[in-house]
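Here is a short tour for anyone who likes to know a protein from the inside out. Keep the viewer open and follow along.

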Amino acid sequence: MTLHGAQPPAGLLLAAGGGSRLGRPKALLELDGERLVDRGVRTLRDGGCAPVVVVAGAVTVEVIGAVVVPNPDWATGMGSSLRAGLAALPPECPAAVIALVDQPRITPAAVSRLLTAYENGAGVAVATYGGRPRNPVLISREHFPAVAASALGDVGARPFLRAHPELITPVACDDVASPDDIDTPADLAAYQK
């Protein structure tokens, strides 16, 4: 199916945070009748990822169609969630599309574009909007150790990406998605309008 083998890249949804600025965990937030965690899983799955792994922490979640991995260190920040998620991926998984639970305007089409870049040989593919790199991000397995080593505190893959710009294949997603996130009640109100 892919240039790199028969197994498609996995989807990795980081959903462990407590939503301190929002006042509640984002994973359980419902928009348009769907929890953000379910929306994120559906987006990754419909975009072509298999399996889909959710990293949970502040709240326990059950998600149909996904493997849920608990991160007991979730309060230390996104880095621990990324490390937990990468470690939980099956060994046959050749790559992972990493997405954040609080970005409901990421679409399956954006995920699919990252998978196409991967199939065309990209080892690291990053969705861009207005030419700026954002999420989601695809990273091939060969880079998992370096990504995990640099994911400290409340940052994910960003330090790795900044240290290795030569590896990045930018993938324009402006016309199919938006990286807008929901961090505060004002963000939520803006989304609901």
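How many nonpolar, polar and charged residues does the lining of the largest pocket have? By class, that lining has 20 nonpolar, eleven polar and ten charged residues. Please keep in mind that this is a predicted model.

## The largest pocket

The largest pocket holds about 1200 Å³ of space. It is lined by 41 residues, and those closest to its centre are Met 78, Leu 100, Asn 135, Asp 154 and Arg 158. Two or more lining residues come from each of strand 1, helix 2 (78-88), strand 6, strand 7, strand 8, helix 5 (158-163) and strand 9 (168-172). Strand 8 provides the largest share of this lining, with five residues.

## A look at Asn 135

Asn 135, one of the residues closest to the pocket centre, belongs to strand 8, which covers residues 132-140. Is Asn 135 buried or exposed? Its relative accessible area is 19%, and because buried means under 20%, Asn 135 counts as buried.

Leaving aside residues up to four places away in sequence, Asn 135 touches Leu 100, Gln 103, Ile 106, Ala 127 and Tyr 129. Among these partners, Leu 100 is itself listed with the residues closest to the centre of the largest pocket.

## The cavity

Searching the whole structure turns up one cavity of 30 Å³ or more. The largest cavity has a volume of about 80 Å³.

Which residues lie nearest the centre of the largest cavity? They are Gly 40, Thr 43, Leu 100, Gln 103 and Ile 106, out of 13 lining residues. Helix 1 and strand 6 each supply at least two residues of the cavity lining, and helix 1 gives the most, with five. By class, the cavity lining has nine nonpolar, three polar and one charged residues.

## The nonpolar cores

The largest nonpolar core has 39 residues, and Leu 13, Val 37, Leu 44, Val 97 and Leu 138 have the most contacts inside it. At least two core residues come from each of strand 1, helix 1 (36-46), strand 4 (52-56), strand 6 (95-100), helix 3 (108-119), strand 7 (124-129) and helix 6 (185-192). Helix 3 gives the most to this core, with six residues.

Not counting residues up to four places away in sequence, its contacts include Val 37, Gly 40, Val 41 and Leu 44, along with Val 53, Val 54, Val 55, Ala 99, Leu 100 and Val 101. A second, separate core has 26 residues, including Ala 16, Cys 93, Phe 144 and Ala 157.

## The Pro 25 loop

Where is Pro 25 found? Pro 25 sits in the loop between strand 1 (10-15) and strand 2 (30-31). Beyond residues up to four places away in sequence, Pro 25 touches Gly 17, Gly 18, Gly 19 and Val 59. The C-alpha atoms of Pro 25 and Gly 57 are separated by 9.4 Å, although these residues are 32 apart along the chain.

## The annotated span

An unreviewed UniProt entry places the feature "domain: MobA-like NTP transferase" at residues 11-165. In the model, this span is 30% helix and 25% strand, and its end C-alpha atoms lie 22 Å apart.

Technical notes:
Residues are numbered from 1 along each chain as its sequence is written. This is a predicted model: local features need pLDDT of at least 70, side-chain atom pairs count only at pLDDT 80 or more; totals for chains, interfaces and linings use all residues. Side-chain values use heavy atoms; hydrogens and water are left out. Helices (H or I, at least four residues) and strands (E, at least two) are DSSP runs, numbered from the N terminus. Buried means under 20% relative accessible area, exposed over 50%, partly exposed in between (1.4 Å probe, protein chains only). Contact means heavy atoms within 4.5 Å. UniProt positions are given in the numbering used here, feature names are shortened, and annotations may be inferred rather than shown by experiment. A nonpolar core is a set of buried Ala, Val, Leu, Ile, Met, Phe, Trp, Tyr and Cys residues joined through side-chain atoms within 4.5 Å. On a 1 Å grid over the protein atoms alone, a cavity is a set of points where a 1.4 Å probe fits but cannot get out, and a pocket is an open set with protein on both sides within 12 Å along at least five of seven lines; lining residues have an atom within 4 Å of a point. Grid points are joined across faces, edges and corners, and a volume is the space filled by probe spheres set on the points. Ala, Val, Leu, Ile, Met, Phe, Trp, Tyr, Cys and Pro count as nonpolar, Asp, Glu, Lys and Arg as charged, and the others, Gly among them, as polar.
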